[in-house]
Amino acid sequence: MIRVLLVDDQALIRAGFRMIIDAEPGLEVVGEAEDGKAAVDLAYRAMADVVLMDLRMPTMDGIEATRRIGEDDRLAGVRVLVLTTFEEDDNVVLALEAGASGFLGKNVAPDDLVAAIRVVADGEALLSPRATRGLVARFIAQRRPDAPEYPGLKYLTDREREVLVLVAHGLSNEEIAARLTVSPLTAKTHVNRAMTKLNARDRAQLVVVAYQSGLVVPGPIP
């Protein structure tokens, strides 16, 4: 069972999402919060797996709440999926940098919302179809003109570095496996090892590291 926490300052939006989620097998809403501070407290008490996080809220916004969840060792297994009205807002990238696993627009179709929750709960990165990885990469590049240091990069094998580049370009494990002529399980193993060495919570953070470090730049896959 995937346990979902709803965080939005509008009760009507929370009610709508609850109806969709509770109607799906394997999904359960375990709590609601109307601001980021309450979300951080409730994420632990409710033992949530996925937090649907609004960005613009009183008391504490979704970016700071996402950051606090990411920094809390007790919440190491919690994934944050940002829901926003402004999909091309720079705040979306701030949320990814803070540790969000992906984002969707609030006008998402019910089936896509359910699929997104399952994807994020499984440790995958999820970006809105309207917001391309190129757009995210451009924002990250603009915000990080001097790339931060990532010591873990030097410990990656050549294959892990190659896989990291493909993850940053948005390829799934199956697509990476086909491109490198290996099994999907082998591709997943390389991804997991890269995550461990880079101390990344999930694939979304791998994407951020790849762009911020300069390992990947916007454009086609080399």
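Let me start with the contact between two helices, H8 and H9, in this predicted model. On the H8 side the residues are Asn173, Ile176 and Ala177. They meet Pro184, Ala187, Lys188 and Val191 in H9. By class, that contact has five nonpolar residues, one polar and one charged.

As for the geometry, H8 covers residues 173-180 and H9 covers residues 184-197. Their axes come within 8 Å and cross at roughly 110°. Angles of 65 to 115 degrees count as roughly perpendicular, and H8 and H9 are therefore roughly perpendicular to each other.

Next, the sheet. Five strands form an open sheet, and the order is S2-S1-S3-S4-S5. The pairing is parallel. Which strands stand at the edges? Those are S2, residues 27-33, and S5, residues 102-105. Each has a single partner strand, so one side of each is left without a neighbour in the sheet. On average, neighbouring strands of the sheet are turned by 25° against each other, with direction ignored.

Helix H3, residues 62-71, lies across S3, residues 50-54, and S4. The helix runs at about 155° to S3.

Last, the aromatic side chains. How many aromatic pairs are there, with ring centres within 6.5 Å as the rule? The count comes to zero.

Methods: Residues are numbered from 1 along each chain as its sequence is written. This is a predicted model: local features need pLDDT of at least 70, side-chain atom pairs count only at pLDDT 80 or more; totals for chains, interfaces and linings use all residues. Side-chain values use heavy atoms; hydrogens and water are left out. Axes are lines fitted to C-alpha atoms, for helices over the stretch in contact, and angles run from 0 to 180 degrees between N-to-C directions. Helices (H or I, at least four residues) and strands (E, at least two) are DSSP runs, numbered from the N terminus. Angles under 35 degrees count as roughly parallel, over 145 as roughly antiparallel, 65 to 115 as roughly perpendicular and the rest as oblique. Contact means heavy atoms within 4.5 Å. Ala, Val, Leu, Ile, Met, Phe, Trp, Tyr, Cys and Pro count as nonpolar, Asp, Glu, Lys and Arg as charged, and the others, Gly among them, as polar. Two strands pair if DSSP finds at least two bridges between them. Rings of Phe, Tyr and Trp (its six-membered ring) pair if their centres lie within 6.5 Å; planes under 30 degrees apart count as stacked, over 60 as edge-to-face and the rest as tilted.
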